[in-house]
Amino acid sequence: VFTRPKLHVSTESIDSQADINRWPHLAGIDIPRIQANVGLLIGCDASDVLEPKEIRVSRNGGPYATRTIFGWVVNGPLGRARSSPSRTANFVNADLQLNEQFQKYCDMEFNDSVYSNKSSMSSNDRRALDIMKATAQLKDGHYEIALPWISDPPCLENDCSVAEHWLKLLKKRLLKDAELLTKYRENVEGLLKEGYAVRASTTQAPGRTWYLTHHPVFHPAKPGKIRVVFDCSAKFCRSSLNDHLLQGPDLTNSLVGVLIRFRQERVALMPDIESMFHQVKVRPEDCSALRFLWWPNGDLDKDPEELMMKVHLFGGISSPSCANFALRKTAHDHRQEVDPEIVSTVERNFYVDDCLKSVQTPHFAVRLVQELTELLK
């Protein structure tokens, strides 16, 4: 069933018994009186529903009728006065919005006739950028940037009950798959070891506390490897964490530009940034909104404890913008200390966390990688 908020079909277009009685060849057909808006269209793909069981053919230019499993259906001119409403046609396309989004993506990324280097920002994008500029601080070699709340302080509902429910479902899945449990445990322990996650404090900030659900994701190109993903779009009381965050401006380079520049010279380089979003820290007062539940040392027989992320998350609506802002700020803040080619590489040759760069000689390629690594480590 495809749903729409409203079907634009006037109730005046519905046949009435008076319309039927006007035509002698339709005698004996009873049409129920409907006092409601049209709420359902039967598509042509439901052929068994529309299959005629009996037919009353048209006469004298009038309507014809077919009997279906739902009753009689009348088609054709009803012979009403000229003031009768015009006929309407309705078409429901389930994936129209997805098609439009994909077309826009292709136009922006691969069609040089519509692409423009001139960037425009909405008022919300400018607000998010102002928050990033105002809160960005370099701490222990990593930039720390606040979550760009739509309203600060946010008014988050405590959704711990949802996190507990999903953790129980996850536990059932892990108990059935020992290999998945081992890899899942390694992932969470890796987050703690790298300092991306810590044990949460018992004090909860009112309106700033949110519990994230999490699940494993498998990549077909990397068999045997999983990634633990936090669902920032999970709803509680009709809202999610992402609903409270500004998306921020799109600071990602044009893919077509990156690819064309990649083909300019003879020697190719393809470095990337490991766990790019995790390299950008979250402001401490915002970390309570990134809580999640897990068992101590991955022991499913123990009571779960509360952990919280200290970095921007893969799946957070604001994470791409914050991560790209931190990357560009790194190059800008060290502009006077590094080769201008390094700054240009960061600003023009990265597509999210992947760098595609071409240079003239292998010697220059080695030096460029070394200096780029030193800048971004």
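I started with a residue pair: Lys139 stands opposite His142 in E5. I keep in mind that this is a predicted model.

Next I looked up the two strands around that pair. E4 and strand E5, which covers residues 142–145, run antiparallel and are joined by three bridges. A reminder to myself: strands of a sheet pair through backbone hydrogen bonds, either parallel or antiparallel.

Then I went for the whole sheet. It is open, has three strands in the order E4-E5-E10, and its pairing is mixed. Which strands stand at the edges? I found strand E4 (137–139) and strand E10 (281–282) there; each has a single partner strand, so one side of each is left without a neighbour in the sheet.

From E10 I stepped back to the loop between strand E9 (267–269) and E10, where Glu274 lies. Is Glu274 buried or exposed? Its relative accessible area is 65%, and exposed means over 50%, so Glu274 is exposed.

Last entry, a nonpolar patch. On the surface I found Leu40, Ile42, Leu50, Ile69 and Phe70 forming one, with about 540 Å² of accessible area together. I picked out Phe70 and asked where its place is. Phe70 sits in the loop between strand E2 (64–68) and strand E3 (71–75). Phe70 counts as exposed because its relative accessibility is 65%.

Conventions
Residues are numbered from 1 along each chain as its sequence is written. This is a predicted model: local features need pLDDT of at least 70, side-chain atom pairs count only at pLDDT 80 or more; totals for chains, interfaces and linings use all residues. Side-chain values use heavy atoms; hydrogens and water are left out. Patches are made of residues with over 30% relative accessible area and no salt bridge: like charges are joined within 9 Å, nonpolar side chains (Val, Leu, Ile, Met, Phe, Trp, Tyr) within 5 Å. Accessible areas come from the Shrake-Rupley method with a 1.4 Å probe; for residues, only the protein chains shown count as cover. A salt bridge is a side-chain nitrogen of Lys or Arg within 4 Å of a carboxyl oxygen of Asp or Glu. Helices (H or I, at least four residues) and strands (E, at least two) are DSSP runs, numbered from the N terminus. Buried means under 20% relative accessible area, exposed over 50%, partly exposed in between (1.4 Å probe, protein chains only). Two strands pair if DSSP finds at least two bridges between them.
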